[in-house]
Amino acid sequence: MRTVPIWAAVVALLVAGCGSAAGSNGKTSVVAAFYPLAYAAEQLGGPRVDVTNLTPPGAEPHDVELTPRDVGRIQTAEVVVYLSHGFQPAVEQAVGDATGKRVDALAGLGRHGSTTDPHVWLDPVLFAHVVERIGTALGAPRQAAALERRVLALDRAYRTGLAHCRRREFVSSHAAFGYLAARYHLRQLTITGIDPSYDPSPRHLQSLIELVRREHVSTVFFEPLFSPRLAETVAHDAHAKAAVLDPIEGLTSSEQHRGFTYFTLMRQNLRELRTALGCR
């Protein structure tokens, strides 16, 4: 007789338990991989949805590890919203067994030719398309249209705010802002690549420091969910300053407490970019 692994039995029990509860409160059960997707689902569904965010506050979504209960929630949710292309491999694998609607936020987007950068929510035009797809899955086209208008208002603010700047280059700790840079004709220079945990070589750091000096870049940006050590080192050696540019992959507990949202953080990023680029 074939032996069933203990972890499989645990997941099966949790799936059975979650399955009996899914939708039992009269709300549509939604599982979202991380903050921007969860926020969109909450805004679109309102009191009609029960949204579970798989990435806890202050956690880095690239490295999220799923519990058996998380896997059970994914498999039994009525709607699962996630990103493909390896952004969260554990989530992507679990989604393969989901029984509800699956919304891949990257599907069907024209992403400036990139196949590796998942940070589409930092480009308001692309995120508006994501909002539309989530709205379709939730049966909320009117709410989606209203949220799209708010997101596209961000696009207009960025276009206006970044139109007349002394410089177009900025430095970020990891390559999260490629879509934003392409949309508004900026140039992103990065300390690490798409993976923020990548450890750059001393040669790369030295060449970046020299480039920052040569291009008179005023600011090296780091993000709130990672140590600012590398960014502060580059900034110090290049005679620049360090500041925060938030990739909005997740809110910290402090940001949640202060009522920050996707919109407040996007507008905060715009203010930081305008200062760093010398925009008028």
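The largest nonpolar core of this predicted model holds 74 residues, of which Leu 37, Trp 121, Ile 134, Leu 138, Leu 162, Phe 170 and Tyr 262 touch the most other members; a nonpolar core is here a set of buried Ala, Val, Leu, Ile, Met, Phe, Trp, Tyr and Cys residues joined through side-chain atoms within 4.5 Å, and buried denotes under 20% relative accessible area, exposed over 50% and partly exposed the range in between, with a 1.4 Å probe and protein chains only. Helix 11 gives the most to this core, with 8 residues, helices (H or I, at least four residues) and strands (E, at least two) being DSSP runs numbered from the N terminus. Apart from this core lies another, of 17 residues, among them Ile 191, Leu 208, Phe 222 and Leu 230. In soluble globular proteins, nonpolar side chains tend to be buried together.

Residues are numbered from 1 along each chain as its sequence is written. Local features need pLDDT of at least 70 and side-chain atom pairs count only at pLDDT 80 or more, whereas totals for chains, interfaces and linings use all residues, and side-chain values use heavy atoms, with hydrogens and water left out.

An open sheet of 4 strands is arranged in the order 6-5-7-8 with parallel pairing, two strands being paired if DSSP finds at least two bridges between them. Strand 6 (187-190) and strand 8 (241-244) form the edges, each pairing on one side only. On average, neighbouring strands of this sheet are turned by 35° against each other, direction ignored; axes are lines fitted to C-alpha atoms, for helices over the stretch in contact, and angles run from 0 to 180 degrees between N-to-C directions. Strand 5 (residues 169-172) runs parallel to strand 6 and is joined to it by 4 bridges, with Phe 170 standing opposite Gln 188 in strand 6. Helix 9 (residues 229-237) packs on the sheet, where it touches strand 7 (219-222) and strand 8, and its direction makes about 175° with that of strand 7. Helix 11 (residues 262-277) also packs on the sheet, touching strand 5, strand 7 and strand 8, at about 155° to the direction of strand 7. When residues up to four places away in sequence are not counted, the contacts of Phe 170 (heavy atoms within 4.5 Å) include Phe 177, Leu 189, Phe 221, Leu 273 and Leu 277.

Strand 3 (residues 79-82) is covered on both faces, with Val 79 and Val 81 buried on one side and Val 80 and Tyr 82 buried on the other. Strand 1 (residues 28-32) runs parallel to strand 3 and is joined to it by 3 bridges, Val 31 having Val 80 as its bridge partner. Strand 3 also pairs with strand 4 in the parallel sense over 4 bridges, and Tyr 82 stands opposite Asp 104 in strand 4.

Helix 2 (residues 35-45) is mostly covered, 9 of its 11 residues being buried, including Tyr 35, Leu 37, Tyr 39 and Leu 44. The cover over these buried residues includes strand 1, strand 2 (49-53), strand 3, helix 5, helix 6 (141-161) and helix 11. Just after helix 2, Gly 46 takes a positive phi of about 55°.

Asp 117 lies in the loop between strand 4 (101-104) and helix 5 (124-137), and counts as buried because its relative accessibility is 7%. The side chains of Asp 117 and His 119 are joined by a polar contact of 2.6 Å, a polar contact being a pair of N or O atoms within 3.5 Å, of which, within protein, one must be able to donate a hydrogen and the other to accept it, while residues adjacent in sequence count only if both atoms are side-chain atoms.
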